Amino acid sequence: MTDPDRPDEDPVNAAQAGEPVISKPYVMPDDPEEDAVEALKKEAAESRDKMLRTLAEMENLRKRTSREVADARTYGITGFARDVLEIADNLQRALDAVPAEAKAAADPGLKALIEGVELTERSLLNALEKKGVTKFDPSGEKFNPNFQQAMFEVPDPSVPAGTVVQVVQAGYMIGERVLRPALVGVSKGGAKAASVNEPNGAA
């Protein structure tokens with residue numbers, strides 16, 4: 001039910017009736033609100049900070065990815081290289097099994113076989129070196145547990161204690177990492193080794 005005494009609230013009807021319609025005041029674009037400049041400056045600073053952080057994160061990601069790709073190229077063949085080392089060991093054992101006298105007095109057929117095994121071993125080591133795998137022999141060096149594994153001690157007073165006097169199995173590096181430590185015998189030395197280093201006049 002409509003109240004006949006209630007005025008018409010329809011703005012269209014009101015406009016038609018000649019009454020003005022009141023709306024919110026219009027703010028010109030060049031008339032900024034209070035504190036608008038400070039708010040824009042703060043927003044710009046926050047956006048700049050976020051952008052710099054994002055750029056730094058992207059640069060770190062790029063460097064980390066480059067490092068991981070380089071490591072994958074260098075160390076990706078680690079498992080395969082370890083398997084190939086067994087072949088190199090067997091070739092070396094085959095060569096060591098032939099005494100020097102037998103090599104010198106061998107018939108042409110045996111000499112050709114020995115030379116073939118030596119050539120195969122050299123080719124294998126060269127192929128490993130191309131992939132960053134290098135052989136090392138620590139004979140005469142001070143024992144280093146990071147690169148060598150001591151198998152036994154040798155009581156040898158002629159060399160300082162802790163010196164590698166025998167290499168049971170050569171070690172291998174891949175890049176800057178130890179692929180396989182060398183198995184070595186280390187001199188025990190001791191008091192007799194100390195007396196060797198004494199001046200001649202002390203005797």
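Colleague: How many residues lie between strand 4 and strand 5 in their hairpin?

Modeller: Two residues lie between them, and Gly175 in the turn has a positive phi of about 65 degrees. Strands (E, at least two residues) and helices (H or I, at least four) are DSSP runs, numbered from the N terminus. This is a predicted model, where local features need pLDDT of at least 70, side-chain atom pairs count only at pLDDT 80 or more, and totals for chains, interfaces and linings use all residues. Residues are numbered from 1 along each chain as its sequence is written, and side-chain values use heavy atoms, with hydrogens and water left out.

Colleague: In which sense do strand 4 and strand 5 pair?

Modeller: Two strands pair if DSSP finds at least two bridges between them. Here strand 4 (residues 171-174) and strand 5 (residues 177-180) run antiparallel, with three bridges. Tyr172 stands opposite Arg180 in strand 5.

Colleague: Which residues lie nearest the centre of the largest pocket?

Modeller: On a 1 Å grid over the protein atoms alone, a pocket is an open set of points where a 1.4 Å probe fits, with protein on both sides within 12 Å along at least five of seven lines; lining residues have an atom within 4 Å of a point. In this model, Asp89, Gln92, Val168, Gln169 and Ala170 lie nearest the centre, out of 14 lining residues. Helix 3 gives the most to that lining, with five residues. Helix 3 (78-96) and strand 3 (164-169) each supply at least two.

Colleague: Is Lys131 buried or exposed?

Modeller: Buried means under 20% relative accessible area, exposed over 50%, and partly exposed in between (1.4 Å probe, protein chains only). Lys131 counts as exposed because its relative accessibility is 53%. You will find Lys131 in the loop between helix 5 (108-130) and strand 1 (133-136). Across the protein chain, buried residues make up 19% of the 203 residues.

Colleague: Which residues is Lys131 in contact with, leaving aside its neighbours within four places in sequence?

Modeller: Contact means heavy atoms within 4.5 Å. By that rule, Lys131 touches Thr74 and Ile77. Lys131 and Thr74 are 57 residues apart along the chain, yet their C-alpha atoms are separated by 7.5 Å.
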